[in-house]
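Have the model open and follow along.

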Amino acid sequence: MQSSIRTPYDRVVMAVPVTIPYVRYSIESAQWWIGRALKALVDGAGITPRDIDGFCVSSFTAGLDSGISLTQHFGLCVRWIDTIPLGGASAIAALRRAARAVQAGDARIVACVAGDTNHVDSFRYTLENFSRFNQDAVYPYGAGGANASFALIARNYMRTFGARREDFGRIAVAQRSNALRNPHALMKAPLTLDQYMSARPIADPIHLFDCVMPCAGAEGFLVMSEDVAASLKLPAVKILSTIERHNAFGDDPVQVRGGWAMDVDELYAMAGVKPDDIDFVQTYDDYPVISMMQFEDLGFCRKGEGPDFVRQHDLTIDGSFPHNTSGGQLSVGQAGAGGAYLGMVEAMRQVLGQAGPTQVGNARIGLASGFGMINYDRGLASGAAILAGPGS
Amino acid sequence: MIEPIVKPRRKNPLQRTRLPTSPPRARSRASHGFTRAAAEGRFMLQRCGACGAFCYPARDACPACLSADLVFADAPRRGTLLSETTLHVPADVHFRERAPWRVGLVAMECGPKLVTHLHADCEEGRPVVMSFQLDKSGQAVAFAHPERETPNMADDRQWREMTADPKFRRVLVTNGRSIVGQEVVAALKAAGASIVFVGVAEPWKPFRGEEALRALEGVEIVPLDIGDEKSVADLAADIGGKVDILVNTTEHVRAGGLLDRQGTSVVRDEIDQSYLGFVHLAQAFGPVMRMRGADGVNSAAAWVNILSVYALANWPVFGAYSASQAACLSLSHSLRAELRPGGVKVVNVLTGPLDIEWFQTVPPPKVAPRAVASAIVSALKRGLEDVFVGDVAEDIRQRLAANPKAVERELGA
């Protein structure tokens with residue numbers, strides 16, 4: 001294993017994982033949802049809004065508001081701010097930025113929040129206004145969000161590596177079984193592989209249960225020094241390592257890997273652990289195919305072995321490879337940019353032993369990854385973090 | 001393989017007409033390079049003047065070397081279909097009601113990857129030939145065709161959304177007395193138009209070619225004097241709901257500019273026939289065509305103007321005529337915008353002097369009426385919007401692009 005020359009996140013921790021339970025549709029604004037998450041962070045930490053001096057936010061539906069407008073909205077006076085528009089990679093990026101700010105002393109307590117509303121028409125509005133390349137060269141083709149883009153990626157992956165729909169189905173079915181233990185998951189009914197296989201097609205080979213359900217919700221966590229966490233008596237999550245990479249492998253004709261593959265050695269080197277040491281994994285699962293790619297690119301198996309990997313592992317909470325233990329976006333719902341935080345916040349709960357009904361036994365070290373921004377023909381943003389509980 | 005489309009049956013008047021919807025229309029400014037290419041039937045991509053790399057989607061800096069010198073250039077059309085999907089549940093209303101709809105990802109031999117609409121005969125892993133087309137929103141989209149001709153390929157459902165193919169459509173040709181009009185009628189019939197209504201002012205007056213015209217099956221002579229608002233309105237009341245393609249073959253050519261004419265009566269005639277005639281036609285036939293833009297196999301599809309290329313640059317020998325054509329050209333852009341919600345194309349066919357009696361004194365090259373007719377049919381089949389017919393039109397087009405001031409001086413010499 002190669003050694004890392006990057007500065008470790010010594011004495012910087014995460015605390016207070018919060019989730020504002022999702023709803024399918026909301027008449028409230030994104031600001032309302034972000035506000036609820038901030039309130040939960042403040043209450044959970046036993047601090048006042050005045051104590052927050054760093055603010056990092058991600059949202060697709062906050063309209064014209066970026067982080068700076070939101071400081072006035074929420075009465076925050078901060079000396080460090082960031083607005084992260086990286087979609088599904090926003091939580092990893094938020095953690096990385098905030099941790100370094102705390103480490104350097106630029107901020108003492110950073111609130112990292114992602115929240116989105118879902119009005120009856122907001123998903124379509126987000127699609128129409130996603131990015132210039134998307135507007136110019138994807139949306140006019142009837143794509144309807146990322147469905148068509150992932151269909152092209154999934155089909156190519158299946159043909160190239162021999163993946164079958166059943167293999168993707170194993171991921172979706174396991175996550176549903178996890179979700180049934182999560183009271184906040186929007187999907188409440190069990191899902192069998194037969195039901196998965198016979199679902200209606202959306203964009204071949206993507207079928208209904210390969211798709212996430214857009215919803216409203218918010219997630220958040222705090223980043224602070226170990227000392228501050230101790231003084232507030234907050235259970236703290238250690239940050240063993242992180243990686244981030246954007247627009248990687250642009251010459252691959254169709255996306256078969258994400259940016260993780262460029263930096264995965266660094267990820268484990270910095271953490272000083274091996275893939276075998278990881279007790280659970282929270283991938284970014286807007287479609288099962290991308291979770292399968294993460295198994296490969298994050299070193300749990302080699303490229304092309306993803307299908308075999310899911311055939312040989314039980315991906316449920318009590319299984320041999322606990323994966324997306326909350327149920328993931330596929331079964332909890334995709335609260336816009338909140339979807340980026342879902343896995344990270346669940347990973348925090350797992351290593352803190354606070355996951356309740358979805359708790360993985362003896363979860364000490366976990367991995368959360370992010371993936372986002374289908375700008376044109378592929379997802380551009382990727383990242384991952386390895387987290388550990390206070391005892392490890 | 002494509003099943004040939006079936007001639008639509010007579011429409012049930014009690015059935016609701018499906019209203020047109022538009023595919024997504026928003027584009028960046030740079031992206032309109034593709035709109036221009038599609039309008040003329042060219043395949044153009046941005047190419048970097050510094051490093052020569054092609055790129056897509058439209059950018060403002062080269063992704064290979066960051067040069068801002070990106071120029072839309074004709075590009076090789078061949079590529080390979082890497083992956084495809086069939087959309088069963090598109091989010092957008094336009095595509096939802098047309099589902100299932102196939103799209104794919106094509107790797108061009110010249111480098112870029114294009115998300116594209118697919119002809120049904122395109123196969124994954126196989127070569128394809130690309131074009132840019134104007135979709136029902138009037139904006140450019142990429143379209144992949146099979147490498148070689150396949151049976152009934154023009155009948156492909158997705159392709160037909162991009163074109164205004166005359167097959168099984170009903171056409172009004174506004175002037176059957178002119179040779180151009182008669183050639184257009186014959187060409188449209190040959191292209192499979194189910195019926196061609198042919199406007200003739202004062203039909204009791206015989207005209208050259210009348211017998212041949214009347215002998216054509218599926219041709220119906222109708223009374224139409226487009227300078228007369230009532231005549232146009234009467235005809236629209238009669239057949240307006242059955243006109244899927246309107247070809248304005250109005251022809252009113254008189255030599256002369258300003259100073260050698262006494263008074264305004266000739267100019268007034270030119271305006272009445274060309275400009276006001278166009279206005280009458282548009283007001284009478286435009287609204288129902290716009291409403292019928294999604295009305296099945298024989299939906300309203302296109303409005304064709306035949307214009308002089310001197311609409312773009314005044315030729316003083318036919319100075320007042322040139323001005324009347326410029327007015328029509330300008331008006332056509334308004335009509336184009338107003339018909340766009342219906343997905344009805346406005347095709348401008350710009351020609352040099354035609355080989356007809358009114359250009360008797362003009363030296364060759366002149367454009368044969370038959371060439372205009374076949375250019376119209378070709379434009380409809382390919383879904384074009386701007387067409388230049390003949391050597392003079394092409395000459396003016398190129399010279400205008402190079403130096404419009406030179407064109408003005410030289411035409412006025």
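A salt bridge here means a side-chain nitrogen of Lys or Arg within 4 Å of a carboxyl oxygen of Asp or Glu. Keep in mind that this is a predicted model. With that rule, A:Arg155, A:Arg159, B:Glu84, B:Arg102 and B:Glu124 are linked in a network of salt bridges. Over all chains, the count comes to 50 salt bridges.

Now for some individual pairs. In chain A, look for A:Arg11 and A:Glu226, whose closest N and O atoms are 3.4 Å apart. A:Glu226 is partly exposed, at 29% relative accessible area.

Over in chain B, B:Glu109 pairs with B:Arg78, with 3.2 Å between the closest N and O atoms. B:Glu109 is in the loop between strands E5 and E6 and B:Arg78 is in strand E4, so this bridge ties together parts that are 31 residues apart in sequence. B:Glu109 counts as exposed at 55%, while B:Arg78 is partly exposed at 33%. B:Arg42 and B:Glu40 form a salt bridge too, at 3.3 Å.

What about disulfides? A search of the whole structure turns up 0 of them. Take A:Cys215: the nearest cysteine sulfur belongs to A:Cys211, 14 Å away, and a disulfide needs the two sulfurs within 2.5 Å. A:Cys215 is buried, with a relative accessible area of 2%. B:Cys122 is in no disulfide either, its nearest cysteine sulfur being that of B:Cys110 at 17 Å. B:Cys122 is buried as well, at 3%.

Technical notes:
Residues numbered from 1 in each chain as written. Chains lettered and ligands numbered in written order. Predicted model: local features only at pLDDT ≥ 70, side-chain atom pairs only at ≥ 80, totals over all residues. Heavy atoms only, no water. Buried < 20%, exposed > 50% of the residue type's maximum accessible area, 1.4 Å probe, protein only. Helix = DSSP H or I, 4+ residues; strand = E, 2+ residues; numbered from the N terminus.
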